[in-house]
Amino acid sequence: MITALLLFWPALAGVLVLFIKGQNAKRAAFGAAVVEFIIALYAMLQYQPNAQVQFQYFQPWIENFGINFAIGMDGISLLLVFLTTFLVPLIILSSFPHSYKNPNVFYALILFMQMGLIGVFTAFDAFLFYFFWEVALIPIYFISAVWGGERRIPITFKFFIYTIFGSLFMLVGFVYLYFQTPGTHTSDINAFYQLSLDTTQQSWIFWFLFIAFAIKMPVFPFHTWQPDTYTESPTQATMLLSGIMLKMGIYGVIRWLLPIVPQGVSQWDGLVLVLSIIGIVYGSIIAIRQRDLKRLVAYSSIGHVGLIAAGIFTLTEHGLQGGIIQMLSHGVNVVGLFFIIDIIYRRTNTRDIKNLGGITQTTPALSIFFMILLLGTVALPLTNGFVGEFLLLSGVFQYNNWMGAIAGTTIILGAVYMLRMFQGVMFGEQNANTANFRDLTGLETAVLVPLVVMVFWIGLHPNTFLSLTEPAVGHLLGIINR
Amino acid sequence: MNSIILLTSFGILNLFIGFSKSKKIIMPLVLLFLAIVFVVNLTGWNDTQTYFERMLTIDNFAIAFTAVVVLTTILVLPFSQSYIDQQNDSLAEYYSLLLFSLVGAIMMVAYENLLMLFVGIEILSISMYILAGSDKKNLKSNEAGLKYFLMGSFATGILLFGIVLIYGATGTFYISEISSAATAQSNNELTSPLLGMGLLFTLIGISFKVSAAPFHFWTPDVYEGTPTFFMAFMSTVVKAAGFAGFYKLMSVSFAGAQNIWFPTLIAMAVVTLAIGNIGAVAQNSFKRMMAYSSISHAGYLMIALLSFNDRSENAIFFYSLAYSVSTVAALGILKLVADQRDDVSYNAFNGLGRTNPLLAAVMTISMCSLAGIPLTGGFFGKLFIFSAALEQELLWLIIVAILMAAVGFYYYFRVIIAMYMREPSGDRVPVGSVATFALIFMTVLTFVLGIAPGLLSNIL
């Protein structure tokens, strides 16, 4: 029941927000998102740390097709629901200094998207999962395309067509699997887990599902929509896309790809690892050469996601656990970084490193927060990035030493582009743009403090979250290695 | 049968009402007539009746599709408001022709005898020829009427020729009796070339009516010239009735001879999908785009027809309904917008999100439904069709359809972009209250089909 509440509350709130005129809409949306977060926290407290799917809610949907409205949460779902509900209020809060036109629609769309995201993370029926997968896409497309930058129309269009193209393949994959289930057919996830498909079938299904997830993440070479879309979207959309939405792809791999077609995965995991590792090096190297801050973080995101994908496809416990914890860390860090970029852009009207510099001289608070988030991103020990990347790399090393070594360059390259960015933006001489740069306002601090708390919390006591997902990961690995 | 009698008498009655001075009364009356027909039609549910020496059978299949075409007509009618406002002299005749053509549509979904199919198609088509050319002073409408008439009558001729050849081979017009003759030649050999020829010609004739490639050439030109109001009727009612008739013919008569016509229809489905979708991409006129889109939807419906199992009937029904509702909404809005801005291209919709939020929202939902996005009826329409085909292991066909569906997103979303992301190209578009009500009803229906498809997904 609590899952249904988590799912429908944002939708209901979104409809209500639609009717609120003027800038009050953002306050209402923020309030709704905070309530959602409290519900999620309550669910976390009620959660029993075992491999069972909890908080289940089941309702037949299309009975003669065996399609059910089956939602629930196990540890993995819960962690991602936590990430979503934690980030959305902050993302809404971060938008307070902006005054977007038609604010009621803007914030309603954010809440609708939240519903789609929660649905993706809690659905235990294939068609329901697909349903929410698309439902999450439509609002973000409109947010990016209506409130985005100058070249928004063609760029977001490309993003939209690209992702929908992938997800249509997923749909066919699901329909095929559906017809392999015994009896009158069902799209229940457990029925999919119990299928015994031959190797050729698994190989086919692997690609049908993988393309959808790979485009969403995005894994090299399906990433071409990503840097442009991140750059042109309004900051809040970029945060939603990078902080939460790309986790849909990773979550999809963990829940809907690995356990359903384990033999298909074992046929192709080498290729996926190679692609992911190319993505790590490629994204990082391009990030080093970027001058636009948003683009830089966008490319760095390709690198980080590459590592997560590589870790997960090793099918080791370290890899999976690392991938899941890294989803959380990456969400926190990337939202923080995009927010700081937004602060800088609002004050100086530029995101070009060449036109910035010397900001530290007037902004002690901003500099500290920026540095902490940055160190979290480059995986310094005691920060959140370290836990995830350590586990991921250890997983990749268990798979293959050479691949581990190349993937490990992410730490060095990451430090290079991140510190280069920090140096260019924050140190050096002040110039016309950055003279009189104001330090953080109370509101901005209010957004950054929870993020920084999470950076240290995950870094110092990762067990809070690792223990949450451990039984579920063990259960999944059991299904995969069956 | 009652619906046929009612429609005919209402049509004649309506012609007399047309003599009255007040044109305002006609539309409410016709809506009332159609509502009566809709209800009367549904009362026959689960009560199969045959008429005229078994030439017509009103079973659940016929009733379901009759309901679709009558409902579509009810939804189309409110968009004729501008004809009433302009005191159009021929208004009553237009409405009567629509009512008469519905008689043809009902015969097309209820026939048991190929003659009835032919007569139904003719009744429907002749009304359509006139309505396509009804904008007398517009050269394009004249062109559309003439083109449709010349090519249509040629296609009907071929259809008739096909029916006669089938008769020659089997000695009967009854579709159930043809089936035994056809089954005899199922082992991939045509024992009677006559029957093969007959089947081929019949296929060509019907394919023309539902605008399946390669017999689609008339569609964009005719639709473009036809007044938008009648195009909304043509592209939905004719297609729904045509596919129901098509399916009935193939499933009753030629099920046994499946491997003879199967490769032909697969090729046609692929070509239809490709031409419809890729053709639509190249259009700058929204109206022409919708014409190509109707071709592409014929392609999806052909997939349902090809999968040929117990799912296909329901899939065709559900898809026709979802497609008709969304198409009527989209073309209705086009009519309203084009009346004011005098433009049928994508540019006509620029900034509609700001001037007419309701129209833009309804349009967005219709486009999402036509493209097949979840929460709308179009999604489940596609899902049911893909399910039907995948159960038949038509994997390659599905992959083609998926690629084409992705292409579809491109052209359907262009209008959404125009509405929400460009500056307005005109003032607020006036919308009548009946039309507003119809638009809201269609939106609700699209959502109902998209959220609770179980209500209608398994009724046949």
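This is a predicted model: local features need pLDDT of at least 70, side-chain atom pairs count only at pLDDT 80 or more; totals for chains, interfaces and linings use all residues.
Chain A is assigned two domains, domain 1 (1-260) and domain 2 (262-482). The area buried between these two domains is about 5200 Å², while about 3200 Å² is buried between chain B and chain A. Over all chains, the count comes to 17 salt bridges.

**Domain interface in chain A: extent**

- The C-alpha centres of domain 1 and domain 2 of chain A are 21 Å apart.
- The contact joins 57 residues of domain 1 of chain A to 57 residues of domain 2 of chain A.
- Carbon and sulfur atoms give 78% of the area of about 5200 Å² that is buried between the two domains of chain A.
- Within domain 1 of chain A, the residues that lose the most area to domain 2 are Leu79(A), Phe220(A) and Leu258(A), and together they account for 14% of what that side buries.

- One salt bridge is found across the interface of domain 1 and domain 2 of chain A.
- Arg295(A) and Asp228(A) form a salt bridge in which the closest N and O atoms are 3.1 Å apart.
- Between the two domains of chain A, 13 residue pairs are in polar contact, with both residues at pLDDT 80 or more.
- On the side of domain 1 of chain A that touches domain 2, at least two residues each come from α3 (75-94), α8 (199-216), α9 (226-232) and α10 (235-257) of chain A.
- Helix α3(A) supplies the largest share of that side of domain 1, with 13 residues.
- By class, the side of domain 1 of chain A that touches domain 2 has 39 nonpolar, 15 polar and 3 charged residues.

**Interface of chain B and chain A**

- Chain B contributes 36 residues to the contact, and chain A contributes 32 residues.
- Of the area of about 3200 Å² buried between chain B and chain A, 84% comes from carbon and sulfur atoms.
- Leu390(B), Ile402(B) and Met421(B) provide 17% of the area that chain B buries against chain A, more than any other three residues.
- Across the interface of chain B and chain A there are 0 salt bridges, and 1 residue pair is in polar contact, with both residues at pLDDT 80 or more.
- On the side of chain B that touches chain A, two or more residues come from each of α17 (377-391), α18 (395-421) and α19 (433-451) of chain B.
- Helix α18(B) gives the most to that side of chain B, with 16 residues.
- The side of chain B that touches chain A divides into 26 nonpolar, 6 polar and 4 charged residues.

**Helix packing in chain B**

- Helix α13 (residues 286-307) and helix α16 (residues 357-371) of chain B pack at an angle of about 35°, and their axes lie 12 Å apart.
- Phe286(B), Met290(B) and His297(B) of α13(B) make this contact with Met363(B), Met367(B) and Leu370(B) of α16(B).
- The residues in the contact of α13(B) with α16(B) comprise 5 nonpolar, 1 polar and no charged.

**Salt bridge within a helix of chain A**

- Arg346(A) and Asp342(A) are joined through their side chains by a salt bridge, at 3.5 Å from N to O.
- Both Arg346(A) and Asp342(A) belong to helix α13 (residues 317-348) of chain A, where they are 4 residues apart, about one turn of the helix.

Note on methods:
Residues are numbered from 1 along each chain as its sequence is written. Chains are lettered from A and ligands numbered from 1 in the order in which they are written. Side-chain values use heavy atoms; hydrogens and water are left out. Domain bounds come from an automatic or database domain assignment. Contact means heavy atoms within 4.5 Å. Buried area is the accessible area (1.4 Å probe) that two parts lose on being put together, summed over both. A salt bridge is a side-chain nitrogen of Lys or Arg within 4 Å of a carboxyl oxygen of Asp or Glu. A polar contact is a pair of N or O atoms within 3.5 Å; within protein, one must be able to donate a hydrogen and the other to accept it, and residues adjacent in sequence count only if both atoms are side-chain atoms. Ala, Val, Leu, Ile, Met, Phe, Trp, Tyr, Cys and Pro count as nonpolar, Asp, Glu, Lys and Arg as charged, and the others, Gly among them, as polar. Axes are lines fitted to C-alpha atoms, for helices over the stretch in contact, and angles run from 0 to 180 degrees between N-to-C directions.
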